[in-house]
Amino acid sequence: RTVSVEAPNAWQSLTPDLGRSDHAAFWLNNIPAIMLTDGANFRNPFYHTPNDTLGTLNFSFMTNVVKGTVATLAELAEVQHADYWWMDTEVATSVKETLGCKTTISPNPAHGFVKIEWENCASGNSLDLVLYNASGQAVLTEKSLQGKAHTLDVSKLPRGSYLLNLSDQASSWSEPFIIE
């Protein structure tokens, strides 16, 4: 669910909270810009405090915000549907660093099997694995992986972009990869 609000002409005095993001500088110079928000501190009381940690985030809600943002960008960019397309991506995320392990996925793109390796994990070497498709649906789950490596059979999954998430009870690591 989204709510569209057109800022009033006197938004700075009437609704100053509408200026709490990077778009405000554009609005102040009469340049059209979009503000996308999930409500920030009106939704999460820990927003921008020392308690603003992974444990206080609602990942289901966050997933829907990202889906809405991507859909909005696709609509505004007038993206055309295609059978498939290729692109090189690099995703920087702070979540990647929270597991406290050196973690790798290979090969990427994958052709049937993908090897996940981890070492020097802060909480030991037992991890849970969830593989998400491009729609954010969990398509594969494996619990309590032991050791320092695991080979994942992805041969029955359709080609496309996926997100691999490894986690222990306190933290997680995510990495995008492609199945060809």
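**Exercise 1. Locate N30 and H48, and decide whether each is buried or exposed.**

Start with the place of N30: the loop between α2 (24–28) and α3. Helices here are DSSP runs of H or I with at least four residues, strands are runs of E with at least two, and both are numbered from the N terminus. H48 also lies in the loop between α2 and α3.

Next, check the backbone. N30 is not a glycine, yet its phi is positive, about 55°. H48, also a residue other than glycine, has a positive phi near 55°.

Now apply the cut-offs: buried is under 20% relative accessible area, exposed is over 50%, and partly exposed is in between (1.4 Å probe, protein chains only). N30 has 73% relative accessibility, so N30 counts as exposed. H48 has 65%, so H48 counts as exposed too.

A note on the source: this is a predicted model, where local features need pLDDT of at least 70, side-chain atom pairs count only at pLDDT 80 or more, and totals for chains, interfaces and linings use all residues. Residues are numbered from 1 along each chain as its sequence is written, and side-chain values use heavy atoms, leaving out hydrogens and water.

**Exercise 2. Check the span of helix α3 and describe its two ends.**

Take the expected span as 1.5 Å times one less than the number of residues. Helix α3 (residues 59–77) has 19 residues, so it should span 27 Å. Its end C-alpha atoms are 26 Å apart, which agrees.

Look at the start. A side-chain oxygen of N58 comes within 3.2 Å of the backbone nitrogen of S60.

Then look past the end. E78 follows α3, and its phi is positive, near 55°.

**Exercise 3. Which residues touch the most other members of the largest nonpolar core?**

Define the core first: buried Ala, Val, Leu, Ile, Met, Phe, Trp, Tyr and Cys residues joined through side-chain atoms within 4.5 Å. The largest core has 20 residues, and L164 and F177 touch the most other members. Elements giving two or more residues to this core are β2 (113–119), β3 (127–133), β4 (138–145), β6 (160–167) and β7 (172–179).

Finish with F177. Leaving aside neighbours within four places in sequence, its contacts (heavy atoms within 4.5 Å) include I105, N108, V114, L131 and L164.

Key:
A polar contact is a pair of N or O atoms within 3.5 Å; within protein, one must be able to donate a hydrogen and the other to accept it, and residues adjacent in sequence count only if both atoms are side-chain atoms.
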